[in-house]
Amino acid sequence: VQLQASGGGLVQAGGSLRLTCALPPLTTSDNFMGWFRQAPGKEREFVARIGWRNGRRWYADSFKGRFIISRDAAENSIYLQMNNLEPGDAAVYYCASASREFTTAAGIRSWGQGTQVTVSS
């Protein structure tokens, strides 16, 4: 499964960005999609996931209320709307897919190439 992440860039603190992950047609059993991020010198961190079939969402506590994950079956894409961004949100953001629900990188079957988010103070 080849995932293509895009939408990163430079934004001022308090601003918003929307990340997009384009998915190939789902011919595998990867029913769960989501986002992780990794800042320099830190481990890859789970952000959110969504069930492709049922749309059920799950967020890491740190992102509830600021980030919103969504999907569009017609566009074969998932999105991460990031609001009220802080300098601490600066990282490379990766989309991911798995056959089972996940909150860690273990069990991820496919990763996108990452998109850089930079937040200026």
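Helices (H or I, at least four residues) and strands (E, at least two) are DSSP runs, numbered from the N terminus. By that rule, this chain has zero helices and eleven strands. Along the sequence the pattern reads β-β-β-β-β-β-β-β-β-β-β. The model is predicted: local features need pLDDT of at least 70, side-chain atom pairs count only at pLDDT 80 or more, and totals for chains, interfaces and linings use all residues. Residues are numbered from 1 along each chain as its sequence is written, and side-chain values use heavy atoms, with hydrogens and water left out.

**Overall shape**

- Along the principal axes, the C-alpha atoms fill a box of roughly 40 × 30 × 25 Å.
- Contact means heavy atoms within 4.5 Å.
- Among contacts in the chain with a separation of 6 or more, 54% join residues 24 or more positions apart.

**Surface and charge**

- Buried means under 20% relative accessible area, exposed means over 50%, and partly exposed lies in between (1.4 Å probe, protein chains only).
- Of the 121 residues, 45% count as buried.
- The accessible surface comes to about 6,300 Å², by the Shrake-Rupley method with a 1.4 Å probe; for residues, only the protein chains shown count as cover.
- Carbon and sulfur atoms hold 45% of that surface.
- The chain carries 13 positive and 9 negative charges, and their mean positions are 4 Å apart.
- Lys and Arg count as positive, Asp and Glu as negative; His and the chain ends are not counted.
- Each charge is placed at NZ of Lys, CZ of Arg, CG of Asp or CD of Glu.

**Salt bridges**

- A salt bridge is a side-chain nitrogen of Lys or Arg within 4 Å of a carboxyl oxygen of Asp or Glu.
- The structure holds five of them.
- Glu 45 pairs with Arg 37, with the closest N and O atoms 2.9 Å apart.
- In this pair Glu 45 is partly exposed, at 29% relative accessible area, while Arg 37 is buried, at 10%.
- Arg 49 forms a salt bridge with Glu 101, and here the closest N and O atoms are 3.7 Å apart.
- That pair links distant parts of the chain, 52 residues apart: Arg 49 sits in strand β5 (residues 45–51), and Glu 101 in the loop between β9 (91–98) and β10 (110–111).
- Arg 49 is buried, with a relative accessible area of 9%, whereas Glu 101 is partly exposed, with 49%.
- Arg 66 bridges to Asp 89, the closest N and O atoms being 2.7 Å apart.
- Arg 66 lies in the loop between β6 (57–59) and β7 (67–72), and Asp 89 in the loop between β8 (77–82) and β9, so this pair ties together parts 23 residues apart in sequence.
- Both Arg 66 and Asp 89 are buried.
- A network of salt bridges links Arg 37, Glu 45, Arg 66 and Asp 89.

**Backbone angles in the loops**

- Asn 76 is found in the loop between β7 and β8.
- The phi of Asn 76 is near 50°, a positive value in a residue other than glycine.
- Asn 84, in the loop between β8 and β9, also is not a glycine, yet has a positive phi of about 50°.
- Asn 84 is partly exposed, with a relative accessible area of 44%.
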